[in-house]
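I opened the notebook to go through helix packing, one annotated region and the aromatic rings. My entries follow the model itself.

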Amino acid sequence: MEFRQAQAVCIPAVHLHMTTATMQVSQKDFEKAQEQLKLLKKDPGNETKLKLYALFKQATEGPCNSPKPGMLDFVKKAKWDAWNSLGNLSQDNARQKYTELVSSLISAESAGQTKDASPEESRHDGYETIIVTTKNNITKIMFNRPERKNAINHQMYREIIKALQEAGKDDSTIAVITGNGEYYTSGNDLNNFANVQPNDMEKMAKDGAELLKEFVSCFIDFPKPLIAVVNGPAIGISVTLLGLCDIVYASDRATFHTPFSQLGQSPEGCSSYLFPKIMGLAKANEMLLFNKKLTAAEACAWGLVTEVFPDGTFQKEVWERLKAYASLPKNSLAVSKQLLRSMEKEKLHAVNSQECEVLKERWLSDECLNAIVSFFQRKSKL
Ligand SMILES: CCCCC/C=C/CC(=O)SCCNC(=O)CCNC(=O)[C@H](O)C(C)(C)COP(=O)(O)OP(=O)(O)OC[C@H]1O[C@@H](n2cnc3c(N)ncnc32)[C@H](O)[C@@H]1OP(=O)(O)O
């Protein structure tokens, strides 16, 4: 039963003849309650609407004595059942109960509205490289090293792992990843490879591969919808991970760049498997082998991005949209996301392992070391 329909059913014009002063007051309250009911913004649900309908009929017509509708006339039967269940409740009592019920609905809604108007944003403790907050059923994980273009150092990898594990279990309906400032993120912090003594190179590569595998696994296993809000340029691992997100919204200022061969490295984040599936092998090759940097419009046309928004209205439009998504039934979203992911989960973990093994070797290669040295030399020459 639609709420507006229920209101229409519950509140036809009625003419009641009252005699005593008390009953006139009660009648006034009853009429006021009918007006207030029209102002309710939220649908109170079928059960409440049936109760209101039944009390209204009882208050205005007395006990139900109309014939029972047929079994297949579900709406009429539900209404008849509700009214009939009031038995011989007096019309005064029905008016009283109706008025009380409307009043409780109005109070509940205005309490809820006050809460909605200024929902608390709670900030999670214990993070230095990211900001983690929860508001409107959304846990937001924000890369927060804007002065380094949000480059992901080892501490940030570990903090994101922790934040995703917590977000997977908290009360939020969806989780969002985004960046603070001009960049989404410039990808792996190349300092992760700097200042390593020759004897420690193998250990660096082994530990790096283990950390990367655990990091990517958290995205594969994340149990609820995970949305990337790409506020600006994205490089490297932050681009490959988009294939493991459920929705990707991008500002038209964002770009998407995976310069792996330029860095003597190889793809990660399951992109060697997911990118060809998402955009086709030919396009994936341009990105993953030949460093093609995509504009937001291209990334959307190639299927990597869900939707592109003008930068000026990006934050407003995206967060409004996400707030609405996050008010959908939480468990339904979670089981549906898990169902979709379950078809590929085993394969994705296998791809992740394989990509990490290849990268472990790459990080020890002259090609990779020379590329890292060039990056820092270029910087020092500027
Ligand atoms: C556990 C390990 C897992 C490893 C997983 C592997 C992942 C692969 C990848 O992610 S590959 C991608 C790696 N990223 C890059 O190659 C980007 C490198 N950075 C740049 O090319 C540029 O900095 C830029 C294009 C992002 C921005 O250029 P711009 O000229 O606008 O700004 P600056 O270069 O002056 O940047 C400001 C300072 O930030 C430092 N910085 C930016 N990004 C990184 C980075 N990824 N790693 C390290 N440092 C970075 C930059 O050096 C500047 O610092 P400075 O002020 O001290 O010079």
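At what angle do helix α9 (residues 271-279) and helix α10 (residues 281-288) pack, and how far apart are their axes? I found an angle of about 130° and axes 7 Å apart. The model is predicted, so I kept its thresholds in view: local features need pLDDT of at least 70, side-chain atom pairs count only at pLDDT 80 or more, and totals for chains, interfaces and linings use all residues. Residues are numbered from 1 along each chain as its sequence is written, and side-chain values use heavy atoms, with hydrogens and water left out.

**Entry: terms.** Helices are DSSP runs of H or I with at least four residues, strands are runs of E with at least two, and both are numbered from the N terminus. Axes are lines fitted to C-alpha atoms, for helices over the stretch in contact, and angles run from 0 to 180 degrees between N-to-C directions.

**Entry: α9 and α10.** I classed α9 and α10 as oblique to each other (under 35 degrees is roughly parallel, over 145 roughly antiparallel, 65 to 115 roughly perpendicular, the rest oblique). Their crossing is right-handed (the near helix is turned clockwise from the far one by less than a right angle). From α9 I listed S271, S272, F275, P276 and M279, which meet L281, K283, A284, M287 and L288 of α10 (contact means heavy atoms within 4.5 Å). By class I noted seven nonpolar, two polar and one charged residues (Ala, Val, Leu, Ile, Met, Phe, Trp, Tyr, Cys and Pro are nonpolar; Asp, Glu, Lys and Arg are charged; the others, Gly among them, are polar).

**Entry: α7 and α14.** Next I took helix α7 (residues 201-221) and helix α14 (residues 345-362). Their axes come within 9 Å and cross at roughly 160°. The two are therefore roughly antiparallel. The crossing is right-handed. Among the contact residues are A205, L212 and V216 of α7 and L348, C356 and L359 of α14. I noted eight nonpolar, four polar and five charged residues in this contact.

**Entry: α3 and α4.** Helix α4 (residues 74-84) packs on α3 at about 60°, with the axes 8 Å apart. I filed α3 and α4 as oblique, with a right-handed crossing. L50, Y53, A54, K57, Q58 and E61 of α3 meet A78, K79, A82 and W83 of α4. The classes are six nonpolar, one polar and three charged.

**Entry: annotated region.** UniProt, in an unreviewed entry, lists residues 26-111 as "domain: ACB". Over that range I read 72% helix and 0% strand, with the end C-alpha atoms 25 Å apart.

**Entry: aromatic rings.** My search of the whole structure gave ten aromatic pairs (Phe, Tyr or six-membered Trp rings with centres within 6.5 Å; planes under 30 degrees apart are stacked, over 60 edge-to-face, the rest tilted). The rings of F56 and Y98 have centres 5.9 Å apart and planes at 55°, so I logged the pair as tilted. F56 sits in helix α3 (residues 46-61) and Y98 in helix α5 (residues 91-117), 42 residues apart, and the pair links distant parts of the chain.

Notes. UniProt positions are given in the numbering used here, feature names are shortened, and annotations may be inferred rather than shown by experiment.
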